[in-house]
Amino acid sequence: MLKRFMGWVMSAPATALVVLCLIVPVGATIGATFTTDAGPLGSYLAFLGSGFRRTVLWRTLEIALLTTVFSLLIGFLTAYVVSRAPARWRSVLIIAAVFPLLTGVVVRSFAFLILLGRNGMVNNALVWLGVEGAPFPMLYTQGAVIIAMVYLFVPLMILTLVGVLENIPDDLIQASSSLGASPFQTFRQVIFPLAVPGLIVGAVLVFTGSFTAYATPQLVGGESVMVMGTFLHQQAMVAFDWDSASTIAAIMVVVTLAVVLGMTRIAKRLNPMST
Amino acid sequence: MTGRLHPGLIAFAVLVYIFLMGPLIIVIGSSLSDTTFLTFPPQGLSLRWFERIFEMAAFRRTMVTSFQVATLATCFALIIGIPAAYALNRYRVQLPGWLSTLFVLPILVPEIVLGFSLLRSVQVGAGLPVFSTLLIGHTLLVLPYCVRVISASLASFDFSIEEAAISLGSPPWKTFFTVVLPNVRSGVIAAFILAFITSINDVSVALFLTGPGISTLPIQILAHVEQFFDPVIASVSVLLMFLTVAVMAVVERTLGLTFLTK
């Protein structure tokens, strides 16, 4: 009799932890946004009614979207080279992508403080080259945040896509070229369509990761490039406005879930391997 | 598989790898500088900023906290994650499909939202101490890695071996430890390492769960950078990179690094 519930018994501790310490607290945070003094939707109307808050939301979406597009482009082309490289080189290149990925976000963002600061390497080089107007203010700009985030997510994209591209059978590529397709046509009509599911997975990872990032925008963007993550922290820990912080948290959850669910649907439909 | 690659593509990949490695090399270089400000290339070589880390009580203390939290959270996640992964594979028929999604939820929910919600409901709401809440947060954060990596190992485990042991008279719990667990050893090691490194590097959850005397290393680094711009942060970063190298060496020995592309 016990045997019928054995699966439940063994997964019970992990289930209990996720339900009690994740679903309940996050649910409570989201629930709290509907029970403020301003009425059920009051906190959201207040959020969208404030020009500053709208700007933060749009800026975050813009940064996340641009980061995703750049990471996709750079990651896909690099992963293609890695997947077609000789075996010995391939493992070196994979190690070189894993190393930054396992190094913490703080360390990798901090590197851009040294690079992009007013007396940073890039500005020193520009001054040395005699570029007019140098040094430029580069840190604490939206561009700096995007560059640092692309840096953060390209390794993840490379590793996601190398796995997908390696699984494309060589026969397919040979068949395509022996039937007269140019390398570019093969790339566009055979390799790219087969890589689409991987591209979607990578895009979801990068978009949700950069939409909810905290450390990089905080270090590289500071107060002048406020995004949802840094804004949530500021409202919760500096302004102590937990209603406002909860509203930001709820919007982040909704956007993340919408992107994940929406893209998974599209991925299923586009997968050329499925019938 | 050495198809012809366009030279332009190869040049592009080389540039991308320079972009990936460059900033890390600059951090290493700056950590060796003899100056009191951050600069690259380093002016005068010295290891004094590495000594300085250990002279500063805040760094020593947060390093210890980070290691304690990472070790304990990873162990807890393995203790509850291994049976869950086992159940998902062994009792696939009796368990609903959404259960495996449930264990991935900590990755789907934005970390910063999890951190804030734990502060709101568990630390302030339920009155749990800061350290316990931090531990709960990190256990949740690393649980998906433990369940998924060990599930993947168990997927290729032939459960008829276990049945054979049991039918030959071995008690089920003993069979689990002597037959099942040794077969997924490499999965457990990989899960441990991935979980540990995730916890050590976490910012977004720990951000809300620090209190008087309790903080983690990444949070301390963030706080320090906001006030000072000296090479000590570069030195701490290099120490963390050593940790990464050590981790990669262990993964390479147990599973091979290509494991991470799957």
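A salt bridge is taken here as a side-chain nitrogen of Lys or Arg within 4 Å of a carboxyl oxygen of Asp or Glu. By this criterion, the structure, which is a predicted model, holds five salt bridges over all chains. One of the pairs that meet the criterion is formed by the side chains of A:Arg90 and A:Glu166, with a distance of 2.8 Å from N to O. This pair links distant parts of the chain, since A:Arg90 belongs to helix H4 of chain A and A:Glu166 to helix H7 of chain A, 76 residues apart.

The fold of chain A is built from 12 helices, with zero strands, and the order of its elements from the N terminus on is accordingly α-α-α-α-α-α-α-α-α-α-α-α. Along its principal axes, the C-alpha trace of chain A spans about 80 × 70 × 30 Å.

The contact between the two chains draws on 81 residues from chain A and 79 residues from chain B. The area buried between chain A and chain B amounts to about 7,200 Å², and carbon and sulfur atoms contribute 83% of this area. Within the area that chain A buries against chain B, 9% is supplied by A:Met10, A:Phe99 and A:Leu102, which is more than any other three residues supply.

On the side of chain A that touches chain B, two or more residues are given by each of the helices H1 (6-32), H3 (51-84), H4 (87-102), H5 (105-116), H7 (142-166), H10 (215-221), H11 (228-238) and H12 (242-270) of chain A. Of these elements, H1(A) gives the most to this side, with 18 residues. Divided by residue class, the side of chain A that touches chain B comprises 59 nonpolar, 15 polar and seven charged residues.

A nonpolar patch is also present on the surface, where A:Leu65, A:Leu66, A:Val69, A:Phe70 and A:Leu73 together have about 440 Å² of accessible area.

Definitions and conventions: Residues numbered from 1 in each chain as written. Chains lettered and ligands numbered in written order. Heavy atoms only, no water. Contact = heavy atoms within 4.5 Å. Buried area = accessible area lost by both parts, 1.4 Å probe. Helix = DSSP H or I, 4+ residues; strand = E, 2+ residues; numbered from the N terminus. Nonpolar A, V, L, I, M, F, W, Y, C, P; charged D, E, K, R; others polar. Patch = residues over 30% accessible without salt bridge, like charges linked within 9 Å, V, L, I, M, F, W, Y side chains within 5 Å. Areas by Shrake-Rupley, 256 points an atom, 1.4 Å probe, with all protein chains shown as cover.
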